[in-house]
Amino acid sequence: MQYTISDIAGMINARWVQQGATGSVAHLLIDSRKLLFPPTTLFFALVTASRDGHQFIGKLYQQGVRHFVVSEKQDFTSFPEADFLLVADTLKALQLLASRHRSNFSIPVIGITGSNGKTTVKEWLHQLLEPDRQVIRSPRSYNSQIGVPLSVWLMEPQHELAVFEAGISRCGEMDALEAIIRPTIGIFTNLGSAHNEGFASMEEKLQEKWKLFAHADIVIYKRDAGLVDEMIARRGAISPALFGWSFDGDGDMVVQVSAKQETHTLCQVLTAGDRFELKIPFTDEASIENALTCCATLVYLGMPADTIQSRIGQLHRMAMRLELKEGINQCSVINDSYSADLSSLAIALDFLSQQQQHIHKTVILSDIPEAGLSPAELYERIGALLKHHGVGRLLAIGPVISEYQQVIEKYGLPVVSFLSTENFLQHFDELSFQDETILVKGARRFGFEAISAQLEMQVHQTVMEINLNAMLNNLRQYQQLLQGGTRLMAMVKAFSYGSGSFEIANLLQFHGVDYLAVAYTDEGVALRKAGIHLPILVMNADPAGFDALVSNNLEPVIYSLRLYRRFEAFIRQEGIPLYPVHLEMETGMNRLGFSRQDIPELLQLLPGAVFKVQSVFSHLAASEDPAQDGFTREQAGRFQEYCDQIAGILPYPFLRHIENTAAIFRHPQWQFDMVRLGIGLYGMDAAASGKLRLEEVSTLKTTIAQIKSLEPGESVGYGRRGKITEPTVTATVRIGYADGYPRILGNGRGKMLVANHLAPVIGSICMDMTMIDITGIPGVKEGDEVVVFGRELSVNAVAEWAGTIPYEMLTGISQRVKRIYYQD
């Protein structure tokens, strides 16, 4: 659907302060980096704690955008052809527009909320219902205050059913989402502990989530004999109607689990009008419940039992995240083959653009079963998307995309087409993958798992998973603490605290960090080779690396008179004027830096320097400790004194920074011009405030190699230190001290998470293996996943068991442990 700018002005109650270009609006934009169709795009200048969308109006105007919704008056004469709609709050205007758009549709709309399983249920319902109806759904997990309106805007006249998910993290958020989605059918997945910090109690959280169903005709839910049932009992006959399913013989749909096999679960399903057997292709409780929630929805919608049986049996586990892995021949592989539609392709291409470690980009794409668009229009849009994101080669798989190959080639993109995945694999060796980033994106029926297996490096079964969404959340948490105009330097030294190098730097660069800092020159060189163009500060520049440092435009820290003279001599010899450097001042850390007695000579040297002082900084020794606040004030005072002296003799301004992660929260008065964010990016609250909604970024996982049943008198490991005194079941897992798991965690000191149970280490830790005691943990088998640390088992706890700090745990994980980067 398209609207005129006059339509939209009325829909959002805006003041049309400048009338410019005529034309219609089909696309909404909130991120200037994701512009695709300028003439039909309406840009909402959202204002957040870390970003003001108004600053991107000029750039977008130059790129052809002519329609803007703003909350601040502009110099409209600079944009004579543009339409400007003025509102009090651009986010509320975006939500109101989506709500008004939604009101044009009378189709069934399913709204899903709950603590867990929302995205899985949404994707499975799409898979189950798509054969019969044209279904629109939220892209990925677009369930936020911004994601929901962007999802609902995708509704078109040809759609026959919509499925949207709604996620909240605090009271007061669901009212806005309910007004946008306005579901006719509600689904409540479950009530769990996710985002508990935003609510006073579980009851309050349940009440807030239930608001999504205020105008629904029916709510489908699992009877839980707990808070949900208690709340429903208190409400009595208050609408909406209810469709409850349960395992306990009471409900509109009753389920009896008759058998669990190795790969599936057999159930008997009893409804008011039928009884049938259901084969669910999963054995874990979460997947079983999600599948049964979908089954209950199909029963309510009147789908025949034999169709439900057939389709539920074909469900597959959803890999609901983009994963970046190391590939063959120095390639990087982005695996996103769990869904194929235009919206998710755009998201995947954004992720591809964010990763800049390779110049060349290849996309492997299957037919897209996009309901409501002609193939010509669909592949026309795909061609524009691929061109916009700088894709250099398309490998097209499927009969339809092959037929419309020429439509895509009009955009100057080489296309090689294959009728099937099998045909592609037969020609795999001829395709020459080398030093490039490859996006694998296909509809499920094409079986792209086989392509990913060919492209990805075979890895040690111990892996470190890096959640890029969590890192972005942490970045935003700290950005919200910054005073106006304060810049942010991100510390990516030490392999980004064990999380990787260019992958993390790419994310930070894409999301507006001002500076990066590394420990050594070679780390900075690697980032430059990976396409990082941000300013990079080198903490420990060595004279032997001056040439590489300058060749790669890296900015050294000068911390002593000796280093000052060495670098100045090198710069004079190279004939490079005004090369940027950073001066480190000693204020109490007593590690590196110009001390008080160096200051007079430094002040004499600086006026004649051939380089330019980019910043002056120092390190706080104990900013996290309230008992040391007096010393921290002394450090800040000394730093201010040194900066004032240097400012008095330099004819130009420079940046000042002294605050680290903990100080950003505890001492906002000393943010100066820039702050340095380190461990907080990775989810560690260095200030121990408990007030920041940080998420741990890294999850270290391994697998069980072998399970043994041991009897009293036997022993485990070197030195026979693991003594068996009663019947014991042990699991040998694929991680050891060569992977960075400390030996001190042996003999019961450390624990790992197996099937949501803590299993203590038994015996001494070996170089490549560790044994754990899994006695009494049900259902464990060889090959199962084991969490060493992560969201469920905090690295803080593991570090405490090891008598160390999270920094050491994270940076100590060996680089032979492969990193997998993913984005939900």
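## Aromatic pairs

The structure holds 24 aromatic pairs. Rings of Phe, Tyr and Trp (its six-membered ring) pair if their centres lie within 6.5 Å; planes under 30 degrees apart are stacked, over 60 edge-to-face, the rest tilted. The model is predicted: local features need pLDDT of at least 70, side-chain atom pairs pLDDT 80 or more, while totals for chains, interfaces and linings use all residues. Residues are numbered from 1 along each chain, and side-chain values use heavy atoms, without hydrogens or water.

Phe418 and Phe424 pair edge-to-face, at 5.3 Å centre to centre and 85° between the planes. Phe418 is buried, at 6% relative accessible area. Phe424 is buried too, at 0%. Buried means under 20% relative accessible area (1.4 Å probe, protein chains only).

Phe567 and Tyr579 are also edge-to-face, because their planes stand at 65°, with ring centres 5.9 Å apart. Phe567 lies in helix α22 (residues 561-574) and Tyr579 in strand β28 (residues 579-584), 12 residues apart. Both Phe567 and Tyr579 are buried.

Ring pairs also join Phe43, Tyr61, Phe68, Phe76, Phe79 and Phe84 into a cluster.

## Charges over rings

The charged end of Arg33 sits over the ring of Phe510, 4.0 Å from its centre. Lys612 lies over the face of Tyr652, 5.6 Å from the ring centre. The criterion is NZ of Lys or CZ of Arg within 6 Å of the ring centre and within 35 degrees of the ring normal.

Conventions. Buried means under 20% relative accessible area, exposed over 50%, partly exposed in between (1.4 Å probe, protein chains only). Helices (H or I, at least four residues) and strands (E, at least two) are DSSP runs, numbered from the N terminus.
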